[in-house]
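Let's take a friendly walk through a protein model, from its strands to its ligand.

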Amino acid sequence: MVALAEELFSLKGRVAFVSGASSGLGLHLAGTLARAGASVVLAARRVDKVSAAAAELTAQGHRAHAVALDVTRSETIPAAFDAAEEACGKPVDVLLNNAGIVYASKFLQQEEAEVSRILDTNFKGAFLVAQETARRMAKIKQGSIINVASTAGLRAAGMMSSYAAAKAGLIHLTKIMALELAGRGIRVNVICPGNFETDMHDLFVSSGMDKTVLERIPQRRFGKPQDLDGVTLLLASDAGRYMTGAVIAVDGGQSLSWM
Ligand code: NAI
């Protein structure tokens, strides 16, 4: 049984690209993908951070590389994938489309520049990264794209209009991509995390929103990056081979509760 599970979830021989891998969920899940056998490419704006993380994984006996990527600067996207292919000697076949930023403010107070920043990173940036990956995966007729949205994209929550709308857009985009790309051997799924303890979570703590949010989580705790290991490996590996267009909430039951 262990052997079957290991084989099913193995990523040996795969190349996994993680956007926004300099901290939080991306950094943790890059390690998870590497430990499952993938050659991992950690991509972010802060090259010093991803280089240090790649060096640490390499020292632990895994295969890891760092590349520069700013998802709001479209010219950096093909360059990052060229660098990834060169470093790994083969094209990317797993994408964790994870880079994102959050912002909390009331709808009436959101400034245009802030709306643009949020949509450019969380929607347009994720769109362009997924598109570049899919174009390359189409040539090898295989691949798994995992978009990282949010439970904020599944149901209405105050104070995050542009963020939640961007994530809802990413969820819908996932379904369209799954529909269009299945015939090319590419699976596309989306993970919707609830509230996880990362740098992003600090905003909830500093604004005092964390206590109210915690009361709405049936499991009565925030998520930890490790809570996403299972779903990430499922979607990345052959274990999830018949899954495409799936929207998976990982939130301790939060999206079930409305009070
Ligand atoms: P984080 O702030 O630790 O990580 C976000 C990563 O994205 C960072 O490495 C950051 O440098 C990178 N990034 C931001 N803008 C970028 C850009 N223009 N180009 C390249 N990289 C960029 O936050 P966390 O929590 O790890 O977030 C990861 C993803 O999970 C995000 O998409 C976020 O929206 C999503 N998420 C997080 C939740 C949480 O509670 N922490 C809840 C739901 C979704």
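## Two strands and a helix between them

A crossover is called right-handed if, with the strands pointing away from the viewer, the path from the first strand over the helix to the second runs clockwise. Keep in mind that this is a predicted model. With that in hand, find strand β2, helix α3 (residues 47-59) and strand β3: together they make a right-handed β-α-β unit.

The two strands of this unit also pair with each other. β2 and β3 (residues 63-68) run in the parallel sense and share six bridges. One place to look is leucine 42, which stands opposite alanine 66 in β3.

How many residues of strand β2 (residues 39-44) are buried? Six of the six are, so the strand is largely enclosed by the rest of the structure. In a regular strand, side chains alternate between the two faces of the sheet. In β2, Ser39, Val41 and Ala43 point one way, while Val40, Leu42 and Ala44 point the other way, and all are buried.

β2 also pairs with strand β1 (residues 15-19), in the parallel sense and over five bridges. Here phenylalanine 17 stands opposite valine 41 in β2. To get from β1 to β2 the chain passes through α2, and this β-α-β crossover is right-handed.

Now turn to strand β7. Which of its residues are on the covered face, and which on the uncovered one? Ile248 and Val250 form the covered face, and Val247 and Ala249 the uncovered one. β7 pairs with β6 in the parallel sense, over four bridges. Within this pairing, valine 190 has valine 247 of β7 as its bridge partner.

Helix α9 (residues 229-236) has buried residues of its own: Val231, Thr232, Leu233, Leu235 and Ala236. What covers them includes the strands β6 (186-193) and β7 (247-250). Also among the elements that cover them are the helices α1 (2-9) and α2 (24-35), and the strands β4 (94-97) and β5 (143-148).

## Around the ligand

Next, look for the ligand. It is surrounded by 28 residues, and the closest are Asn98, Tyr163, Gly194, Phe196 and Thr198. Helices α2 and α6 (161-181) each supply at least two residues of the shell around the ligand.

An oxygen atom of the ligand is 2.8 Å from an N or O atom in the side chain of serine 22. For asparagine 98, a polar backbone atom is 2.7 Å from a ligand oxygen atom. For glycine 100, a polar backbone atom is 3.4 Å from a ligand oxygen atom. Taken alone, the ligand exposes 820 Å², and the protein buries 95% of that.

Glycine 20 has its place in the loop between β1 and α2. Setting aside neighbours within four places in sequence, glycine 20 is in contact with Gly26, Leu27, Ala43, Asn98 and Ala99. Glycine 61 is 41 residues away from glycine 20 along the chain, and their C-alpha atoms are separated by 22 Å.

Threonine 151 lies in the loop between β5 and α6. Is threonine 151 buried or exposed? Its relative accessibility is 10%, and buried means under 20%, so threonine 151 counts as buried. Leaving out neighbours within four places in sequence, the contacts of threonine 151 are Cys192, Pro193, Gly194, Ala249, Asp251, Gln254 and Ser255.

Definitions and conventions. Residues numbered from 1 in each chain as written. Predicted model: local features only at pLDDT ≥ 70, side-chain atom pairs only at ≥ 80, totals over all residues. Heavy atoms only, no water. Buried < 20%, exposed > 50% of the residue type's maximum accessible area, 1.4 Å probe, protein only. Contact = heavy atoms within 4.5 Å. Pairing = 2+ DSSP bridges. Near = heavy atom within 4 Å. Polar contact = N/O pair within 3.5 Å; in protein donor to acceptor, adjacent residues only side chain to side chain. Areas by Shrake-Rupley, 256 points an atom, 1.4 Å probe, with all protein chains shown as cover.
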